[in-house]
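Dear colleague,

Please find below the structure that I am handing over to you. My findings follow directly after it.

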Amino acid sequence: MDNMSPTVSDEVIAVKNVYKSFGDNHILRGINLTLHKGENLGIVGKSGIGKSVLTKCIVRLIEPDAGEIIVLGTDVLECDNSQLNELRKKVGYLFQGGALYDSMSVRENLFFPVRRTRFTDKKHDTEELIEQSLRSVGLLDAIDKMPSELSGGMKKRIALARTLILKPEIILYDEPTTGLDAVTSGEISELILKIREEYDTAAIIITHDMKCAKIATDSIQVMQEGVFTVTGTYDELSRHEDESIRDYFI
Amino acid sequence: MAKINVSVIKQRVRRRFRVKDETRNFYNGAFIDLGELVMFTGKVMTQMFQPPFEFREFVKHGFLLGNKSLALVIVTGFIMGLVLTMQMNPVLVDFGAQTLLPGIIAVSMVRELGPVITGLICAGKLSSGIAAEVAAMAVTEQIDAMEVSGTRPLSFVVATRVLATTLVVPVLVIFADAFSMLGAYLAVNIFEDTSITLFIHRSFSMLGFVDLLPATLKTVLFGFFIGLIGSYKGYTAGKGTESVGKAANSAVVAASLTIFVIDLVFVLITSIL
């Protein structure tokens, strides 16, 4: 992304002046964000500041109080249910804990979105999709395991494979390396880059892991008091004049 | 003249009707819950009839939920029949009407006690189980994961369970009724020797179609609401493991109360008819 100059036509997500409160707790206070095609955008900020709320607003898991959210040219807040479901197929979401369906095996976890969204009706294609997704995350061997048999890192990878199976254009990563050791975190960060190459995705990556931010993102936005205050690359922000910004990158 | 922005108006309307957190209090909480349950029911009913249909999931839940409660329902029904007969026999003997005992037991079990007792057992066992299971899925973001992949979790998670309980509860009531009559037969034989043929004849002499139809219909509704309330409480559970327990607990209370209300409505309707 460094040598490219993004244009409006490249925008895959545009968040404009979005507000969200829970009672008297004002989480998002007129936040703006733009994600371009092929871009990996990192979001950092203190816990509870509203990073996950923002990404959940983007896929309308949480309804914002005001503002506009455009995803792949569609106004998310104006969609009816069927339009929203169609849009959601193009936006993958990797949850913090993986959110694997614990009553289903890995194969069934991956088969579930394909079957339910009728992504393909051909059995052969489905098997191929499942294997391709698992191969992308390097866990083809785990195909018949249950989620309870997997480690934290494996769960995240399988969840990522489940996200990839619908071939999304955008992926929202909610703390993809939380709770993982340094080696596995590094592997997941490299995997995020590999996925971008392989699937031509754009991504928003919420993270507290600065190693992940350094490896996997093109630019980073720092969230403070419900808005983004600073934007820049990892190198720029880690040398920022404001100490409170630099602190995030220690 | 200022231009009207439809998007802003829609957002204001959306905010205006999002009453849950802001205006909920002790007095209006139940009404807000009821309103949300009605909206939830509407969404479930809409998705229930949209393909793909989850027949395997429906059968799985039907088997698991029925299997889980069958023994309890059978034992309870048997004891109810036995105890009721033993309690009523001396009273009827005083009036020289002990030959009416099988018929009275049959009518009271089929019309009222069988459905209500089974309904309450299922409210305690099935509704809480469903609420806990669905709440655990919600807490671990499994439902959100289904939602964001456009897989319509209401039809997969909720509709299958609601359909299963709607089918299973009437079947359990039939078992409860049958075993209560077995209990009654054994109790009658404590006091006097009665053949099974005579007992059955006397039991059915007082039972008519008018007893069976409303009783069956209300058990279908019991089953529907047991599944629906359990799913609703689970689906709308908050964050954290504590909310799983809360969802299960409130599902039992709400489902039990609903059973009494449905029963009251059916008794009033059948009394008028």
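In this predicted model, E112(B) is partly exposed, with a relative accessible area of 27%. E112(B) forms a salt bridge with K218(B), and the closest N and O atoms of the pair are 3.4 Å apart. Because K218(B) lies in helix 9 (residues 209-235) of chain B and E112(B) in helix 5 of chain B, the pair ties together parts that are 106 residues apart in sequence. K218(B) is buried, its relative accessible area being 4%.

Helix 5 of chain B (residues 101-139) also has a kink of about 55°, centred on M109(B). Just after this helix, E141(B) takes a positive phi of about 65°.

A second salt bridge lies within chain A, where D218(A) pairs with R196(A) and the closest N and O atoms are 2.6 Å apart. D218(A) is in the loop between helix 7 (210-216) and strand 9 (219-224) of chain A, whereas R196(A) is in helix 6 (residues 182-199) of chain A, so the pair ties together parts that are 22 residues apart in sequence. D218(A) is buried, with a relative accessible area of 15%, and R196(A) is buried, also with a relative accessible area of 15%.

Over all chains, the count comes to 20 salt bridges. One of them crosses between chains, from E54(B) in the loop between helix 3 (29-48) and helix 4 (55-94) of chain B to R116(A) in helix 3 (residues 106-117) of chain A. The closest N and O atoms of E54(B) and R116(A) are 2.7 Å apart, and both residues are buried.

Turning to the interface, 24 residues of chain B are in contact with 33 residues of chain A. The two chains bury about 2500 Å² between them, with 48% of it on carbon and sulfur atoms. Four salt bridges are found across the interface of chain B and chain A, and 10 residue pairs are in polar contact between these chains.

Which elements give two or more residues to the side of chain B that touches chain A? They are helix 1 (6-16), helix 6 (142-148) and helix 7 (153-191) of chain B. Helix 6 of chain B provides the largest share, six residues. By class, this side of chain B has six nonpolar, eight polar and 10 charged residues.

With kind regards

Definitions and conventions:
Residues are numbered from 1 along each chain as its sequence is written. Chains are lettered from A and ligands numbered from 1 in the order in which they are written. This is a predicted model: local features need pLDDT of at least 70, side-chain atom pairs count only at pLDDT 80 or more; totals for chains, interfaces and linings use all residues. Side-chain values use heavy atoms; hydrogens and water are left out. Contact means heavy atoms within 4.5 Å. Buried area is the accessible area (1.4 Å probe) that two parts lose on being put together, summed over both. A salt bridge is a side-chain nitrogen of Lys or Arg within 4 Å of a carboxyl oxygen of Asp or Glu. A polar contact is a pair of N or O atoms within 3.5 Å; within protein, one must be able to donate a hydrogen and the other to accept it, and residues adjacent in sequence count only if both atoms are side-chain atoms. Helices (H or I, at least four residues) and strands (E, at least two) are DSSP runs, numbered from the N terminus. Ala, Val, Leu, Ile, Met, Phe, Trp, Tyr, Cys and Pro count as nonpolar, Asp, Glu, Lys and Arg as charged, and the others, Gly among them, as polar. The bend at a residue is the angle between axes fitted to the seven residues ending there and the seven starting there. Buried means under 20% relative accessible area, exposed over 50%, partly exposed in between (1.4 Å probe, protein chains only).
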